[in-house]
Amino acid sequence: MKGIVIKNTGSDYLVSTETGGRINCKIKGNFRLKGIRTTNPVAVGDHVTITDTAGGDTPYIISIEPRRNYIIRRASNLSKQAHILASNLDQVCLVATLAHPTTSTTFIDRFLATAEAYRIPAIIVINKIDLLEENNEDMDYLEAVKYLYESIGYKVCAVSARTGEGVEDIKRLLDGKVTLFSGNSGVGKSTLINLLIPGIELATAEISATHDTGMHTTTFSEMFDIPGLSAGSRLIDTPGVKGFGTLEFDRHEVGHFFPEIFKYSHDCRYGNCTHTCEPGCAVKKALEENLISESRYSSYLSILEDSAEDKYRKGY
């Protein structure tokens with residue numbers, strides 16, 4: 001029997017079958033996929049084959065069809081293992097906030113670079129704009145962030161999940177697509193999804209007044225159909241993450257995942273330029289001329305540090 005994984009709790013997997021049923025499944029302890037070390041060998045979005053359930057036995061996932069794509073981040077234990085956020089995606093949506101809490105541009109850039117690496121289009125949703133003070137400084141910062149990423153080529157939506165402003169714009173972007181939603185804890189991702197899918201009632205939590213950070217409310221990944229849109233419109237909710245560790249990046253290819261850096265790299269003197277200290281580097285020249293932002297270049301350097309040998313201990 002075939003189906004698609006729509007929920008992953010870490011020990012069980014909910015599979016939506018081709019016949020319209022939903023079956024809780026498990027995997028064998030030695031179930032692994034070749035070519036990638038992951039903390040979760042089966043991910044939401046995977047198309048799978050499960051054992052026959054007619055005899056009343058516990059159904060097991062026995063195979064996974066080749067993935068069209070997937071998006072991963074480094075596992076939190078600092079090993080070289082990966083955690084697959086989801087697979088077979090049409091796009092990813094990063095929910096960020098400029099206040100309460102503040103999403104760092106480094107986090108945004110690491111997420112975008114990972115999406116570029118796996119050739120998945122990305123949308124940036126800036127939530128909680130209702131919390132920005134209506135003064136020149138706050139609004140100028142919002143416009144600057146929007147301009148930065150839109151000038152690179154990313155779609156940016158400024159919204160308020162509390163007031164509903166901009167939510168319909170997001171809904172139009174989700175029509176007919178399978179979209180992964182991700183972001184730091186506390187950015188209002190669950191509140192936003194509750195607006196997009198009425199009646200879903202995902203848990204939400206208040207921001208810590210002491211640390212201005214969010215609490216985890218989503219504890220596992222799950223896929224939902226989006227009502228009111230065309231068939232195949234699905235949203236994958238994922239637990240909030242504090243950091244986004246990159247994986248499988250060759251240091252000479254990191255620049256490929258920053259579109260503006262890749263653009264100017266064609267004019268570098270050396271084909272394997274890392275854009276750090278080499279002579280004749282067109283990227284460094286573009287940085288000096290403010291054609292590449294300092295924040296994006298700093299994020300690029302942080303990923304180069306990730307790819308340094310022995311930065312992370314080897315997984316066992």
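**A buried histidine and its surroundings**

Modeller: Histidine 275 lies in the loop that links α5 (259-265) to α6 (282-288); helices (H or I, at least four residues) and strands (E, at least two) are DSSP runs, numbered from the N terminus. This is a predicted model, where local features need pLDDT of at least 70 and side-chain atom pairs pLDDT 80 or more, while totals for chains, interfaces and linings use all residues. Residues are numbered from 1 along each chain as its sequence is written, and side-chain values use heavy atoms, without hydrogens or water.

Is histidine 275 buried or exposed? Its relative accessibility is 5%, so histidine 275 counts as buried (under 20% relative accessible area, with a 1.4 Å probe and protein chains only; exposed is over 50%, partly exposed in between). The side chain of histidine 275 reaches the backbone oxygen of cysteine 273 at 3.5 Å. Setting aside neighbours within four places in sequence, histidine 275 is in contact (heavy atoms within 4.5 Å) with Ile261, Ser265, Cys268, Cys281, Val283, Lys284, Tyr297 and Tyr300.

The protein has 7 helices and 13 strands, and buried residues make up 50% of its 316 residues. Among contacts with a separation of 6 or more, 64% join residues 24 or more positions apart.

Another loop residue gives you a second example. Threonine 38 sits in the loop between β3 (22-25) and β4 (47-50), and its relative accessibility of 10% means that threonine 38 counts as buried. From threonine 38 to arginine 73 is 35 residues in sequence and 9.8 Å in space, C-alpha to C-alpha.

Helices can be enclosed too. In α4 (residues 189-196), 6 of the 8 residues are buried, so this helix is largely enclosed by the rest of the structure. The buried residues of α4 are Lys189, Ser190, Leu192, Ile193, Asn194 and Leu196. They pack against α3 and the strands β8 (91-97), β9 (122-127), β11 (178-183) and β13 (234-237).

How do α3 and α4 meet? Val167, Ile170, Lys171 and Leu174 of α3 meet Leu192, Leu195 and Leu196 of α4. The axes of α3 (residues 167-174) and α4 come within 10 Å and cross at roughly 75°, which makes α3 roughly perpendicular to α4 (65 to 115 degrees).

Terms used
Axes are lines fitted to C-alpha atoms, for helices over the stretch in contact, and angles run from 0 to 180 degrees between N-to-C directions. Angles under 35 degrees count as roughly parallel, over 145 as roughly antiparallel, 65 to 115 as roughly perpendicular and the rest as oblique. A polar contact is a pair of N or O atoms within 3.5 Å; within protein, one must be able to donate a hydrogen and the other to accept it, and residues adjacent in sequence count only if both atoms are side-chain atoms.
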